[in-house]
Amino acid sequence: GRAGFGQVTFDLYKPFPIFPEQSAEQKERGRRVEVNNGRLAMLGLFACLSESKGLIVPPLDAIAGFPKYDGDIMIPFSSDFHIDVSGLF
């Protein structure tokens, strides 16, 4: 049908058809790969968070020269966190 005022006229999931169509098997593999990448990213993030709190993380401790973070990685979530933006504008 016709798009009225304020309606989105393209598909938000795939707005531009620049990629070729995929078979069901290719879509399933791509989704599985994306989920596994997300899981690996979460593991890496939690390893860095754990090590910053002083826990021993074997994969990171085995890397020679891996920098140790000595600050507070959770400071953006604390009540006294602020950013001075007065010089930006």
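The following legends describe close-up views of a predicted model of one protein chain.

**Figure 1. Overall content of the chain.** The chain contains two helices and zero strands. Of its 89 residues, 7% are buried. The chain exposes about 8500 Å² of surface, and carbon and sulfur atoms supply 64% of that area.

Figure 2. Helix 1 consists of 29 residues and covers residues 24-52. From the first C-alpha to the last, helix 1 reaches 42 Å, which is close to the 42 Å expected at 1.5 Å a residue. Four residues of this helix are buried, namely Ala47, Leu49, Glu51 and Ser52. The buried residues of helix 1 pack against helix 2, an element that spans residues 58-61. Just after helix 1, Gly54 adopts a positive phi of about 100 degrees.

Figure 3. Side chains of opposite charge can pair when their charged atoms come close. In this view, Arg32 forms a salt bridge with Glu28, and the closest N and O atoms of the pair are 3.6 Å apart. This distance qualifies because a salt bridge requires the nitrogen to be within 4 Å of the carboxyl oxygen. Both Arg32 and Glu28 belong to helix 1, where they are four residues apart, or about one turn of the helix. Arg32 has a relative accessible area of 46% and is therefore partly exposed. Glu28, at 48% relative accessibility, likewise counts as partly exposed. By the rule applied here, the count for the model comes to one salt bridge.

Figure 4. Ile73 is found in the segment after helix 2. When neighbours within four places in sequence are left aside, Ile73 is in contact with Leu49 and Ser52. Ile73 and Ser52 are 21 residues apart along the chain, and their C-alpha atoms are separated by 7.0 Å.

**Figure 5. A nonpolar patch on the surface.** Six residues, Ile75, Phe81, Ile83, Val85, Leu88 and Phe89, form a nonpolar patch on the surface. Together, these residues have about 680 Å² of accessible area. One of them, Phe89, is found in the segment after helix 2. Is Phe89 buried or exposed? Phe89 is exposed, because its relative accessible area is 86% and the exposed class begins over 50%.

Note on methods. Residues numbered from 1 in each chain as written. Predicted model: local features only at pLDDT ≥ 70, side-chain atom pairs only at ≥ 80, totals over all residues. Heavy atoms only, no water. Patch = residues over 30% accessible without salt bridge, like charges linked within 9 Å, V, L, I, M, F, W, Y side chains within 5 Å. Areas by Shrake-Rupley, 256 points an atom, 1.4 Å probe, with all protein chains shown as cover. Salt bridge = Lys/Arg side-chain N within 4 Å of Asp/Glu carboxyl O. Buried < 20%, exposed > 50% of the residue type's maximum accessible area, 1.4 Å probe, protein only. Contact = heavy atoms within 4.5 Å. Expected span 1.5 Å × (residues − 1).
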